[in-house]
Every structure is written in C-alpha cells, then in structure tokens.
Amino acid sequence: MNDLIGQVFNAIGALLADLEAWLSPYLPGQSKVALLAFGFYVLLLLGGGLTAILARNLVRATLGLIITFLGVAGFYLLLASPFLAMMQLLIYIGAVCVLIFFAIMLTKNTSDGEEASLPRLANLIYAFLAGLAPLVVAGPLIVQGTKDIVTRQPVDSGTNLGEGLLSIDLLSFELISIILLVAMAGAVYLAWRPSGGEERA
Amino acid sequence: MDLSLAIFVQIIAAVLLIIALMVGNAVVMVYMERKVAGFIQRRPGPYEVGPWGTIQAICDSMKLLAKQLYRPGNVDLILYYLAPVLAFFPVLLLFLPIPFGPWLTALHINEGIVLILAFAGLGVLSNLLAGWASNNKFSLLGAARAVAQTVAYEIPMILALLAVVFLSGSMDLKRITEQQGQWPWEWNILLQPLAFFIYLVSLVGETNRAPFDLPEAESELTAGFHTEYSGMGFALFFLSEYANMLLVSFVAAVFFLGGYKGPIADGFWWLFIKAYAVMFFMVWIRWTFPRVRFDQLLNLNWKWLLPLGLLNLWATAIIMKIFL
C-alpha cells in the first residue's frame, strides 16, 4: 500500500520535473526569487520599523516591532540558516513581544498619554540622526570589507550551531549565560516583597 | 532545499488538504465533544438532527457562516479584524512538517519541531490582539490570562519534547518516528513516561482547554478574549482552537506513540487513530475535572511541571552519556 503511494508520488514528481524543464525559460530563476524575497523582507523591516515609531498607540507599535522581527527572520532564511530564523520567531515573537504586550496590558493605557500626539519636529530630526549613527559607523566597514559574494551550500545549522557554542564560542556562550543569570536575579530582587510586607503597587 | 515546481505544487496541495482536514476535524470534534459530554453527564447529547444527531454540527457551521458579523463600537478596527485571521493562518503552516506516512510529508525539514513551536507562538499573539482590540474589560482580562498561561506552559512542553529529541538525536519528526518500532512496547512512551505525562498536562494548558480554560472561563469572563466576535470571526477562532488540539495530538503521537507506525501496516491511519485517542482524552478530562483557579494553574506549572521537566531532561542526558 505504502509502496504504491510512493510510486504514485514519484510519478507525479517526474511529471512535474518534465513540466518544469519545459517551462524553465519562462520561470524566474533562483536568484530572481531570492531577490524578490529580499525586497519583501526589506519592506517588512522598514514598514514594521516605521509602524513601531509612528504608531500613536503602544499595542500597534508593538505590532510594528513584531513585523520587523518577521523581516529579520526572513533574512536568516535568505542566509541559509532556517534554524536561526525559527529561533527568532520562537524567542522574539513568541516570548519577548508577548511579554511586552503583557507589560502594556498591566499598565494604565490612557488615550491622552505622552505617545498619543506626534512629537515635535526637532525631536523627530534628533531621532532620525540617532538612527543614522549605526549606519555611519558600520556602513563603511560593510561596504569596504565586502570583497565578493560567497555562495554557500545550506548547512545543517542546528548541529553546527551546537558544536560551535560548545567549542570555539564556549567563553562567549558562558558569559551570555552569566549576564542573563544576573539580569534574572536582578528582576527577582526588584519584584521581591517579603511576605507580610507592604502590598505591591 | 532547491526551489522547484514539484515542491511548490506539493506545498499548495498540502495546504488545501490541511484546510479540508481542519474543517472536517472541527465538525467531527464538535459532535464528539457534545456526545462525550452528554454520556459523561448521563444525558443523550444531540439526537434530533439526523441519525443520532450526526448532522447537528454541520447545521451549526452553516448557521455560523450565515450569521451577521457584528462589530461593537470603539474597537481598534485593524487589530480587531487582524486577530482571527492571525489565529487561522499560522495553523496551516504547523501541519506541514508532520509525517503522515512513510511517503506523506508535505515539507520535510531537519528542524520540523522547531518550525511547529515557532509558529505556534503566533497563536497566543492572536488571542492577545483579539482581547485588546475588543475594547472590553472581560476580553482584556481573558487576553492577559492567555498570555501568562501560554508563555508558562510552553516551557514544560518544550522540555518534554526536548527529552525525546535527546533520545533520537534529531529534531526531524520523520526520523523520530523511524526510530520507534511497530509495536506499543517499542514506542518512546515507555522510555520517557514522565516526559509524556508532562507533555499531556501542558498541552491542555497550551490549547486553553478545561480544566485550564482560564482565558475563556465562561462563568466569570463571558467568553474571554473572543467575547465580542460573532459569525465567522468567532468561527475562525473556533477552527484554529480545534486545529491546535489536533496538532498537539499529532505531535504527541509522533513523539511518544510511534507516529504512523503500528501493528500490521504502517500508514496515516495509525497516526489518526493515535491522535484522536489523545483528543478523546482531552475531551474526557474537560468534562470530568472542574476548572482550576488561576494561581493553582500557575503554581502547578512553575513549581511542579518545570522542575520535573528539567529533572527529566537532566536524567535523560546523564543516562544517555553513561549507558549509550
């Protein structure tokens, strides 16, 4: 039974391969599709970023942040690292953004708060200049340091990542763990009230 | 993975089949839930429409399709309509890496379970947006509960799955299935009984079902985050909730119960039988246990399931290092 299904699938696959060979002059090539995907992810990044900055409402701004994270995940996919892309979704969208939402919901969200009106023009210009700063620092390095484009075969990124983290990058991995541990201890300390103490605000 | 027409056609066909599966599953589950609830509470359940009430669920879905989409005033328009769509679409992706049979995998990737966990995170986002955009105190409370609960129960769930990933040395659902045998004593449930138990408890929490259905909690919050949704808006939430149930049951079947492998002949029928057995278990405990309080729910997770999950993972790693 299963062999029969497999044979049917193989036959369909062969048929589609023939069709593809026949259609290939009219289909966009792999690099074209990658370029299209690149454009789409750039749109996601810029659109999400602008939404996050210009939205007059914290929840919508966070939604912009989520769209930006989706764009970043897309870039990981283009760099042939599907594992990193999915981790981006799992951690940044599934946990970080959701916790930001949680924090927003627990605070009082008035419609006439500071973020409800557009900031002054001067502030907008300052913010724009501050946003350009990383570009000024990193831009020349990237442009001058890039000799040519290297195409790589996709790797089993999960395995490579794990081996890397436990061999050459062990020190930085442990340092990050310590920073996270300290941050967690700090958060617990800030939120800690001994039982019988005053009520939390 | 090379781009090719075959993969493209394969994914389109798979998505169409998955939509059919989602709708069919919702109809079957509504009928099953009502009948099982009826028998557990010593009443007949639906019996008027069709033989043994079998057409009742179809009639109800027709009613939902034809119902007016009523939108209350002062909602956040974009987010209000985005939320049900966002609940529905990621679920389509979640079924892609599931191996339905030796030949039936829509998208075979090495990190299948990571794909499922990553896109499952978008589901809680839709609950949140729905609750917030509805501009309603009940909805907001339901959404806040949904976040606290789902973020908490995701962790023991991942820990339980990770123990099996340790055993098989792969995150590929097909390889995990292949490493189990045809007969029940060759399945991972015997090697990882504690992980299976943790997974069973946390999947009830993750799908927001009774006794852990605090985000909806109809006796205190009307209907929680989807109070303000009617017609297809509600139906999309409903469909995705049942599809999520089916998905976590499929994952349970693949990780712990041997997937498509079974006595006599391997095939998708075994996967479906196992998944629906898990679903029946979920329906059973829904109508047997009363709803827990919210602090009990979080205490159970953070003080019991999480340490147990970590312990299990640690023990698995040690035993594998020493004996294998």
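**View 1. How much chain B and chain A bury together.** About 3,200 Å² is buried between chain B and chain A, with carbon and sulfur atoms giving 78% of it; buried area here is the accessible area (1.4 Å probe) that two parts lose on being put together, summed over both. On the chain B side, Leu5(B), Trp103(B) and Trp132(B) lose the most area to chain A, together 20% of what that side buries. Keep in mind that this is a predicted model, where local features need pLDDT of at least 70, side-chain atom pairs count only at pLDDT 80 or more, and totals for chains, interfaces and linings use all residues. Residues are numbered from 1 along each chain as its sequence is written, chains are lettered from A in the order in which they are written, and side-chain values use heavy atoms, leaving out hydrogens and water.

**View 2. Who touches whom.** Chain B puts 40 residues into the contact and chain A puts in 36, contact meaning heavy atoms within 4.5 Å. Look for salt bridges across this interface and the rule finds zero (a side-chain nitrogen of Lys or Arg within 4 Å of a carboxyl oxygen of Asp or Glu).

**View 3. A helix crossing inside chain B.** The axes of H1(B) (residues 5–40) and H10(B) (residues 231–256) come within 9 Å and cross at roughly 90 degrees, so the two helices are roughly perpendicular (65 to 115 degrees). Among the residues making the contact are Leu21(B), Met29(B) and Glu33(B) of H1(B), plus Phe238(B), Tyr242(B) and Phe250(B) of H10(B).

Note on methods: Axes are lines fitted to C-alpha atoms, for helices over the stretch in contact, and angles run from 0 to 180 degrees between N-to-C directions. Helices (H or I, at least four residues) and strands (E, at least two) are DSSP runs, numbered from the N terminus. Angles under 35 degrees count as roughly parallel, over 145 as roughly antiparallel, 65 to 115 as roughly perpendicular and the rest as oblique.
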